[in-house]
Amino acid sequence: MQNSQLSLDAVPKHIAIIMDGNGRWAKAQGKPRVFGHKNGVASVRETISTAAKLGVQAITLFAFSSENWRRPEEEVGMLMELFVTALSTEVTKLHKNNLKLQVIGDTSRFSNRLQKKIAKAEQTTSTNTGMVVNIAANYGGKWDIAQAAQQVAKKVEQGELCSSDITENILAEHMMMSDLPDVDLLIRTSGECRISNFLLWQIAYAEIYFTPVYWPDFKEESLIEAVTWFINRERRFGCTGEQIKALIEN
Ligand code: IPE
Ligand code: IPE
Ligand code: MG
């Protein structure tokens, strides 16, 4: 590898992001929370396209947690509407760019209309071979472990497995995103330093990056900064933001 060139091996294969701070971003401008959520969609778009250009294999974005149902009904309703709208407007672009969209989480609690949109978006992009974009919706890390345990228990009931066969690998095979590498880099925006029941199993060895930037302000430069930090954490190449940028431009 030449000094000026960054190897693609150094880039995290799987990035997960807790997209936080929409409400505070809006409030700081005297606007309603929903204004922040709407502006957050632009950051989602830019982050996906930057990650794809960097050669990331998968990106997982926390859009709605299993605890977010506790928010005021009006805000939950707005978020659901935004989800439907974003699916309609963004899927064509994702498909054109050969990206594969998957929704992880318990989607059974969503309206039929939203469930149909999700199924259609997943189906449209299912054979795409580029970066995988996972949207975590009504997702909880504890739920994920519980649903994996249920699937394994069923196999034991049916005599396909013995309880002594249950290893870490068997559980891992039943977790969401079992076909993807574990998360290398977890990012949380807005200055909060907690996991909020996002991925638990899959972040066992992730580097965790907290930034004070509110999600609607998280742009290409912000992702490059996080990836640069990750690469330096790894102490693989001691490279700079400019080198990562060069990766995108070349
Ligand atoms: C993240 O921003 C978006 C969702 C959780 C859906 P928030 O809405 O949590 O924004 P803050 O944390 O209140 O600023
Ligand atoms: C986590 O953010 C969920 C998403 C980003 C979708 P929250 O804003 O809901 O987390 P807490 O409640 O502050 O921990
Ligand atoms: Mg928040």
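Predicted model: local features only at pLDDT ≥ 70, side-chain atom pairs only at ≥ 80, totals over all residues.
Helices (H or I, at least four residues) and strands (E, at least two) are DSSP runs, numbered from the N terminus. Residues are numbered from 1 along each chain as its sequence is written, chains are lettered from A and ligands numbered from 1 in the order in which they are written, and side-chain values use heavy atoms, with hydrogens and water left out.

Is aspartate 20 buried or exposed? Aspartate 20 is buried, at a relative accessible area of 16%. (Buried means under 20% relative accessible area, exposed over 50%, and partly exposed in between, using a 1.4 Å probe and protein chains only.) Leaving aside neighbours within four places in sequence, its contacts (heavy atoms within 4.5 Å) include Arg188, Ser190 and Trp215. As for glutamate 207, look in strand E6 (residues 207–210); this residue is buried too, with a relative accessible area of 19%.

Now for the inside of the protein. In soluble globular proteins, nonpolar side chains tend to be buried together. A nonpolar core here is a set of buried Ala, Val, Leu, Ile, Met, Phe, Trp, Tyr and Cys residues joined through side-chain atoms within 4.5 Å. The largest one has 47 residues, and Ile15, Leu54 and Ile187 touch the most other members. Helix H3 (residues 73–96) gives this core its largest share, 8 residues. A second, separate core of 16 residues includes Phe62, Val132, Ala136 and Leu199.

Next, find helix H4 (residues 112–125). Its 14 residues reach 20 Å from first C-alpha to last, close to the 20 Å expected at 1.5 Å a residue (that is, 1.5 Å times one less than the number of residues). Which residues of H4 are buried? They are Leu114, Ile118, Ala121 and Thr125. Seen down the axis, they fall within an arc of 65 degrees, so they line one face of H4; the arc is that of the directions from the helix axis to the C-beta atoms. These buried residues pack against H3 and strand E3 (100–104). Turned away from them is a face with the exposed residues Asn112, Lys116, Lys120 and Gln123.

Helix H5 (residues 141–157) can be read in a similar way. Gly141, Asp144, Gln147, Ala148 and Val152 are buried there, and they cover an arc of only 135 degrees around the axis, which puts them on the same side of H5. Strand E4 (132–139) and helix H6 (168–174) are among what covers them. On the other side of H5, Lys142, Gln150, Lys154 and Glu157 are exposed. Just after H5 comes glycine 159, with a positive phi of about 80 degrees.
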